[in-house]
Each structure stands twice: as structure tokens, then as C-alpha cells.
Amino acid sequence: ARITLRQLLDHAAEYGYGLPAFNINNMEQGLAVLEAASSVDAPVILQASRGAREYANDIILARMIEALSEIYPHIPICMHQDHGNNEATCMSAIQHGFTSVMMDGSLEANGKTPASYDYNVDITRRVTDFAHWVGASVEGELGVLGSLETGTGEAEDGHGAEGELDHSQLLTDPAQAVDFVKATQVDALAVAMGTSHGAYKFSRKPDGEVLAMNVIEEIHRRLPTTHLVMHGSSSVPQELQDIFTQYGGEMPQTWGVPIEEILRGIKFGVRKVNIDTDCRLAMSGAIRKVFAEKPGEFDPRKYLKPAKEAMRALCKLRYEQFGAAGMA
Ligand code: G3H
Ligand code: 13P
Ligand code: NA
Ligand code: ZN
């Protein structure tokens, strides 16, 4: 059944677990998440970026969510807009059956320029106003995602703030977070503490200097009932990097967000943990393996099925690690 983000995260807070939010762009990814969730009885957050909506088509996505809810009637499913950049994106998502939207006003609508605090409050408030009229949930974001190691935005994958940022922009200000939640009435708050999107988050295993989990603890101390969201939270596991490179993929050694740091976040109010890169890497490694071992293969099912299975295994593991198994 379809459910809002707010309902899912209220339950997660009550029982002290976290929910991975997996990005999907196609049928294989949607099936991978639901097969994983169903196998461990976990509730589901699916999210589609603006790019995903453009890739898959809104109508196809909408029908796919409907189909997944029908195939897995016992699993609560939240369909969430990831990184909405303006009111129209959020409203059209709701129109297509999304039960939750992220209004990311930490950046201006171009997705590249860090926005002023007032811009962020105003646009997020406008979205919570109309979303709440129709019972949809809203995630806001305060602080700009980016690397504390290099002091830059996420230029490498073309997403997020451009260029150099100062340290204070890259960390959510706890006092400002209190004001922001009150002013915008968001159901969940994404915070910045050193994670970034994509595979290249850290050049070594992160310590407290580059992954400032203490900021989350401080925000949770001041906002104990606000559901917090961690973006850029793929762990980029060594095993997945190894499979990818073993079969010809090119990826310089990199580090993601260690699971133990996510679990620390979950102790301090983190309820939604965004994961895309790990799924991409799992699928692409599996596809590379088929192509390397069977260069004559050209039936898409022969590589898309292993890709789906690899993503399913990853998703199942995250449900178990975050304590969401058995919570559907
Ligand atoms: O925001 C980042 C997510 O990983 C989605 O990425 O915009 O390439 O679909 P995308
Ligand atoms: P990753 O790139 O770490 O998977 O983060 C995804 C994300 O935050 C989507 O909003
Ligand atoms: Na999001
Ligand atoms: Zn994100």
C-alpha cells in the first residue's frame, strides 16, 4: 500500500530504526528494492530524481509504483521526489502519485548556486503549504552537500553546488535548523555534515574531520522529534569496487560513508538514508561480469537479471543493517 514519508518516519522514530531510500530509474531497480524489502518484511522508500523522471517518464513511473504496490500489498511504499528544485517539480510529482517530495532549497533552482537562507525558507514553505493540503510529506534541506576534505561542491558528477564553498556552508548550523523547521513545517530535514553524492566522497576512511557526525548529534539534541535525512550515504563497499574494477571498470580507490557512522546517525534521529551510488555500482559490476565472461551474450535479460539480483542483495543488507527488517 502507498504511504507517506511522514507515516513511515514516525514509525521508524518510534521503534528506533532507519530506512534506506533507494533511487530508482527503471523496472529492474523497482523490482530489486521490493523483492529485497519483501524478503525481510521492511517498509520501502523509493525515490526518483528529476533525471529519473525524465528517463523513465512520469506515467510509466506512476504505473510502476501502482504495480509494485499491487504485487506487494503487504509492504508500505512511499514514493518520494528526490531533490526537487522548485514548486512545479514538487507539485507535478504529487500529481503523478508521489506521496512525498523533497524541496531542496539549499541551492537555487539552477541546482548549482548556494541559495540564501531566506530563499530556502520561502520556497520550502510554499511547497509544504500545498503538499500538506493534499496529504503529501515534505523533506527540506539546510546546508550544502560537499566535501569538507576539499572544500568544494560536487562538481565531479555534475550535481550540486559548483566550485569552492566555505566550511560553514558545508555544515548545517544547528541553531538555524531549529528556526528552519519551525518556519517551513517540513516533515523531514536533510542536513549537511561532509557527505557528497557519487562514488568519490572521501580519499581515505573518513574521520570526524571530514564526516562531522557530531553536527547530527547537536541538531538532534535541539530538534529531538524532527526526522533527519542523510544524503550521499552510499558506503561504496570495497567488494563492489573490486568487482567493478576486476571486470574492466575504471574507478580510482575511494571511500564512502561507513555503516557504523550511519548507525550512529540512526541513534541520533536519522530516519532516512539516501542510497543511489551503491546500487549503481552493484548493478554495473554484475553487468560487467556477464560481459567479461560471456562476450557473446546479447539477450538483455541475461545481464539485467544479475544486475537486479546484485541490487537486491545490497538493498536487503541495508534493510537489515539499519534495523528496518521486520518493520513492514
Ligand atoms: O541526487 C543524486 C541522486 O543520486 C540522483 O542522481 O540525478 O543522476 O538521477 P541523478
Ligand atoms: P549516494 O550518491 O551516496 O548514493 O547518495 C544518493 C543521494 O543522496 C540521493 O539523493
Ligand atoms: Na531526498
Ligand atoms: Zn541527495
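**Figure 1. Histidine 83 in strand β3.** Histidine 83 sits in strand β3 of this predicted model (strands are DSSP runs of E, at least two residues; helices are runs of H or I, at least four; both are numbered from the N terminus). It is buried because 27 C-beta neighbours lie inside 10 Å (buried means 20 or more other C-beta atoms within 10 Å, exposed 12 or fewer, partly exposed in between; C-beta atoms are placed from the backbone). Leaving aside neighbours within four places in sequence, histidine 83 contacts Ser49, Arg50, Met102 and Asp104 (contact means C-beta atoms within 7 Å).

The model is predicted: local features need pLDDT of at least 70, side-chain atom pairs count only at pLDDT 80 or more, and totals for chains, interfaces and linings use all residues. Residues are numbered from 1 along each chain as its sequence is written, while chains are lettered from A and ligands numbered from 1 in the order in which they are written.

**Figure 2. Histidine 231 in a loop.** The loop between β7 (227-230) and α9 (238-246) holds histidine 231. This residue is buried, with 25 other C-beta atoms within 10 Å. Not counting residues up to four places away in sequence, histidine 231 touches Leu145, Ala190, Thr195, His197 and Asn274.

**Figure 3. The annotated histidines.** An unreviewed UniProt entry places the feature "binding site" at His83, His197 and His231 (positions follow the numbering used here, feature names are shortened, and annotations may be inferred rather than shown by experiment). They span 149 residues in sequence, yet no two of their C-alpha atoms are more than 11.7 Å apart, so they gather at one spot.

**Figure 4. The shell around ligand 1.** Asn23, Ser49, Gly51, Ala52, Asp82, His83, His159, His197 and Asp276 surround ligand 1 (a residue counts as near if its C-beta atom, placed from the backbone, lies within 6 Å). At least two shell residues come from each of α3 (50-56) and β3. The shell divides into 1 nonpolar, 6 polar and 2 charged residues (Ala, Val, Leu, Ile, Met, Phe, Trp, Tyr, Cys and Pro count as nonpolar; Asp, Glu, Lys and Arg as charged; the others, Gly among them, as polar).

**Figure 5. The shell around ligand 2.** Ligand 2 has 14 residues around it, of which His231, Ser234, Asn274, Asp276 and Thr277 come nearest. β3 (77-84), β8 (270-275) and α11 (277-293) each contribute at least two shell residues. By class, 1 is nonpolar, 10 are polar and 3 are charged.

Technical notes:
Contact = placed C-beta atoms within 7 Å.
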